[in-house]
Amino acid sequence: MNDSNQEGKGLPRAGVAVPEILTTVSDEVRMLSDTASDLQDLIGNLVVAGAFGGSQSLYQLQSLDRLCQNLGAVADFLASIANGSSPDWKVDVTDAARAVKLADVCDRLTGRKATTDPSEETSGEFDDFETWPMTG
């Protein structure tokens with residue numbers, strides 16, 4: 001089966017160039033890093049506002065900072081490997097795609113969907129935090 005037949009049926013592409021896969025995974029990890037960084041900013045603002053207390057909260061915030069840095073480092077590593085990989089190297093991503101349980105992530109990783117903006121994603125549950133009562 002050739003690539004166009006698989007794409008037409010919504011299946012992952014066979015024979016995808018390794019640099020393309022690594023760049024796509026790097027972009028996905030970078031998006032996770034950015035999201036974690038945004039959460040870190042939000043939580044930091046809540047700490048400053050007094051919503052979280054004590055040194056334990058600050059210690060846990062350092063773990064979130066470490067997570068952001070580690071995700072960024074992995075994204076950089078993957079991007080660097082992609083730059084040094086031969087476009088002649090090909091991989092069938094079909095089996096790997098089956099292991100990814102989140103449809104939107106699977107679509108991005110396999111190139112079936114170009115959306116990289118989390119606000120455009122339609123999968124998952126919606127929680128309207130603005131309607132929750134604030135106590136405290």
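Contact here means heavy atoms within 4.5 Å. That cut-off sits behind the neighbour lists in the legends below, and the model they describe is a predicted one.

View 1. Setting aside residues up to four places away in sequence, Ala36 touches Leu64, Leu67, Cys68 and Leu71. Ala36 also belongs to the largest nonpolar core, which gets its own view below.

**View 2. Ser33 packed against Cys68, Leu71 and Gly72.** Ser33 sits in helix H2. With sequence neighbours within four places left out, the contacts of Ser33 are Cys68, Leu71 and Gly72. Is Ser33 buried or exposed? Ser33 counts as buried because its relative accessibility is 8%, and the cut-off for buried is under 20%.

**View 3. The largest nonpolar core, 12 residues in all.** Its members are Val18, Leu22, Val29, Ala36, Val47, Leu61, Leu64, Cys68, Leu71, Ala75, Leu78 and Ala82. Helices H2 and H3 each bring at least two residues to this core. Which helix gives the most? That's H3, with seven residues.

**View 4. Helix H2 from end to end.** H2 covers residues 18-48. Just after H2 comes Gly50, which takes a positive phi of about 90°.

View 5. Leu39, Leu42 and Leu46 make a nonpolar surface patch of about 250 Å². Leu39 is placed in helix H2. Because its relative accessibility is 43%, Leu39 counts as partly exposed.

**View 6. Arg30 and Asp76, a salt bridge between two helices.** Side chains of opposite charge can pair when their charged atoms come close. Here the side chains of Arg30 and Asp76 meet at 2.3 Å, N to O. The pair links distant parts of the chain, with Arg30 in helix H2 and Asp76 in helix H3 (residues 54-84), 46 residues apart. Both partners are partly exposed: Arg30 has 29% relative accessibility, and Asp76 has 44%.

**View 7. Asp104 and Arg108, a salt bridge inside one helix.** The closest N and O atoms of this pair are 3.7 Å apart. Asp104 and Arg108 lie four residues apart in helix H5 (residues 103-110), so about one helical turn separates them. An α-helix has 3.6 residues a turn, so residues three or four places apart point the same way.

View 8. Arg112 forms a salt bridge with Asp107, and their closest N and O atoms are 3.4 Å apart. Arg112 is partly exposed, with a relative accessible area of 35%, whereas Asp107 is buried at 18%. As for the network, salt bridges that share partners join Glu28, Asp104 and Arg108. The salt bridge count comes to five.

**View 9. Gln62 and Gln40, a pair to check by distance.** Gln62 is placed in helix H3. Its relative accessible area is 48%, so Gln62 is partly exposed. How far apart are Gln62 and Gln40 in sequence and in space? They are 22 residues apart in sequence and 9.2 Å apart in space, C-alpha to C-alpha.

**View 10. Zooming back out to the chain.** The chain has five helices and two strands, and from the N terminus on these run α-β-α-α-β-α-α. Of its 136 residues, 30% count as buried. The accessible surface comes to about 9,500 Å², and carbon and sulfur atoms account for 56% of that. Take the contacts between residues at least 6 apart in sequence, and 72% of them join residues at least 24 apart.

Terms used: Residues are numbered from 1 along each chain as its sequence is written. This is a predicted model: local features need pLDDT of at least 70, side-chain atom pairs count only at pLDDT 80 or more; totals for chains, interfaces and linings use all residues. Side-chain values use heavy atoms; hydrogens and water are left out. Buried means under 20% relative accessible area, exposed over 50%, partly exposed in between (1.4 Å probe, protein chains only). Accessible areas come from the Shrake-Rupley method with a 1.4 Å probe; for residues, only the protein chains shown count as cover. Patches are made of residues with over 30% relative accessible area and no salt bridge: like charges are joined within 9 Å, nonpolar side chains (Val, Leu, Ile, Met, Phe, Trp, Tyr) within 5 Å. A salt bridge is a side-chain nitrogen of Lys or Arg within 4 Å of a carboxyl oxygen of Asp or Glu. A nonpolar core is a set of buried Ala, Val, Leu, Ile, Met, Phe, Trp, Tyr and Cys residues joined through side-chain atoms within 4.5 Å.
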